[in-house]
Amino acid sequence: MATLLLIARRFGFLFVVIWAASTITFFIPRLSSVNPVRERFAELARLGGYNPDDLERIVASFSKQFGLDRPLWDQYVDYLGSVLRLDFGYSLNRYPVTVTELIMQSLPWTIGLLLVSTLIAFLIGNLLGAIAAWPRAPGWARSFSTPFVLFMGVPPVLMGVLLLFFVGFRLKLLPLGGAYSIGLVPEWSWPFAMDLLRHQVLPALALILGSIGSWVLTMRGMGITIQGEDYVNFAEHKGLRGWRIFKDYYLRNALLPQVTGFALALGTVVTSAIIVEGLFALPGVGTVLINAIRANDFPVIYGIVLFITIAIATIMTLMEFLYPLLDPRIKNQ
Amino acid sequence: MTITATSDQMQSPSRIRRVFRYLRRNKSLGFGLIILLALVLFTLVGLMVIDPKDAYPLSAPTRRAPSWAYPFGTDFFGRDLLAVMVVGMWQTAFIGVVAGGVGTFIGVVLGFTSAYFGGWIDSVIRVVCQILTPIPVLLIQVVVAGSLDKRDVTIFTMALIVVMLAWMAPTLVIRSQVLTMKERSFVSVAKLSGVSDMGIIFKEILPNLMPFVAAAFVGQIFLAVFASFYLAVLGLGPLREPLLGNIIWLAQAQGAFFNGWWWWPVAPSVGMILILGSLALINMGLDELSNPRIRKSE
């Protein structure tokens, strides 16, 4: 019963967060003097000749079709309902396509890049951090993590520019961008898969190098705290071997705070990945967002922002339920 | 009533000497300050030497590789990238200091009110912070910046957009510090001897809180520079201005690497790395200074 109540409370909080985010993305654009529909059609009109009356009529009929002429409150209630159905409306730029379709087409690319790079950074960073804090590790192994800590302040997108310059442009080892080489047709074949992989290496590397440092730092701090604990001293005096202490006493205890840190870092990680995607012109959510910004495609911008916010808040809530599995001391009271 | 009173009495070497000695020990603070100083010098000397107009399009021959005449090269639109770096650094510093300052100020005021007075004010501020924390600030800033008329986006509005959602972290830090400070004996003594609320806040608590405020300020400058850079890289910056993020966005949009104009995105990237790197180092150093628990022994 108590557990159920806790779960209900967590999900209640999740709904409040989603409500707050949707309210912000609903009202902020409407506070501004810019009318997205007019902006978009005025841009189209500039490209060809136009009649100002016609432009106004198009804008009026569009507003009517999307219900933009109705009272604000009605629109707001409708909007909240459609957000819960993950329906973010239509793209202005590629009209019959909905925002959700655009997101779903590009999402696999983003998830793939994020998953691989985050896992690698998490594993390497935590291992290096634990080694750096471990007094019995050889000196060279402990100083191995220093360069990564120095990279910490560098946003992944800048790392990406430097990687593009050194590895892609100077050494010509890896491609400069895009999802696969121009001229190749997507197919299930070995050469195409290799080509795809080669295009993913630099963006992934940019994300990994940019985020290893913070894992190293937090893990090292944790390791230093654990060192002074009585149970570690006891284990050493008991004659346990180094590896055993390292694995069962260091890593095990630091795991929970690191997973919490992971949940907190999620927002930054996702935003970084989106911008890196844009830099490398991968067909993920980031490139869709940048193109939408360039084309004044407002529903797509707001839809992507809201979608990512909901996804992150949901993942954070779900991760909280993992804690009791990771740490037996927490039994959801 | 400040803690430094005792350490002043036993001071033997001169103050500056001690600062230098401390900086040698606190390497990240030292390095960070050196890089920052170099950047400030570069910007100040640059502002005197170059013509800021050269940072705008059509002021130089286009697409020149770095040479003696144009040390950082020129871009596709005819900007002298040396001038771009100088003006861009200046604008970045402006955004950082304005947004960081306002954010820290809001944070200190809210944190104090929340912790010192408690009650329903505290609950409201805490709940709002809690709800806003899981929402990725950068994405909301994308919505705000995207909703503005592109002509309205200037360096100053950029700073305001950044600060709008960047006051939560300092609020929570200051709040927790005031909560512990409130229970200390010197505050109780002051309270018992009839010092007013404002007197206690400004004369007793605030001076002891300065290290945390300073750390929060540097942290907010870092976040503000970071956020404005990300917005600019996404193409949401003031497009006319030579902000470093804008230049990288333009270079990428024109396919700079594909066309062999490597200097165009690399120069602003290195500049940005130096800015953010120095701020991150100073931030870590200040953490060490204000948190004696992780202070290294000599």
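## Cores and helix packing in a predicted model

The largest nonpolar core of this predicted model has 148 residues, and those with the most contacts inside it are A:Val157, A:Leu158, A:Ile308 and B:Trp264.

User: Which helix gives the largest share of this core?

Analyst: Happy to start there! The core has 148 residues, with A:Ile308 among those with the most contacts inside it. The largest share is 14 residues, and they come from helix α13 (residues 298–320) of chain A.

User: Which residues is A:Val157 in contact with, leaving aside its neighbours within four places in sequence?

Analyst: A:Val157 is one of the residues with the most contacts inside the largest core. In chain A, its partners beyond those neighbours are A:Ile275, A:Val276 and A:Leu279. In chain B, they are B:Phe229, B:Tyr230 and B:Val233.

User: How many residues are in the other core that lies apart from the largest one?

Analyst: Good thing to look for on screen. This other core includes B:Val108, B:Phe112, B:Ile174 and B:Ile201. Its count is 16 residues.

User: Are α1(A) and α6(B) roughly parallel or roughly antiparallel to each other?

Analyst: Let's take it step by step. Helix α1 (residues 2–31) of chain A and helix α6 (residues 137–147) of chain B have axes 9 Å apart and pack at an angle of about 15°. Angles under 35 degrees count as roughly parallel. α1(A) and α6(B) are therefore roughly parallel.

User: How do the residues of the contact of α1(A) with α6(B) divide into nonpolar, polar and charged?

Analyst: The crossing of these two helices is right-handed. From α1(A), the contact is made by A:Ile24, A:Thr25, A:Ile28 and A:Pro29, and from α6(B) by B:Ile140, B:Val143, B:Val144 and B:Ser147. The residues divide into 6 nonpolar, 2 polar and no charged.

User: Is B:Val84 buried or exposed?

Analyst: B:Val84 lies in helix α4 (residues 81–117) of chain B. Leaving aside its neighbours within four places in sequence, B:Val84 is in contact with B:Ala55, B:Arg79, B:Met89, B:Pro242, B:Leu244 and B:Ile247. Its relative accessible area is 1%, and buried means under 20%. So B:Val84 is buried.

User: How far apart in space are B:Val84 and B:Val98?

Analyst: In sequence, B:Val84 and B:Val98 are 14 residues apart. In space, C-alpha to C-alpha, the distance is 21 Å.

Notes
Residues numbered from 1 in each chain as written. Chains lettered and ligands numbered in written order. Predicted model: local features only at pLDDT ≥ 70, side-chain atom pairs only at ≥ 80, totals over all residues. Heavy atoms only, no water. Axes fitted to C-alpha atoms, helices over the stretch in contact; angles between N-to-C directions. Helix = DSSP H or I, 4+ residues; strand = E, 2+ residues; numbered from the N terminus. Parallel < 35°, antiparallel > 145°, perpendicular 65-115°, else oblique. Left-handed = near helix turned anticlockwise from the far one by under 90°. Contact = heavy atoms within 4.5 Å. Nonpolar A, V, L, I, M, F, W, Y, C, P; charged D, E, K, R; others polar. Core = buried A, V, L, I, M, F, W, Y, C linked by side-chain atoms within 4.5 Å. Buried < 20%, exposed > 50% of the residue type's maximum accessible area, 1.4 Å probe, protein only.
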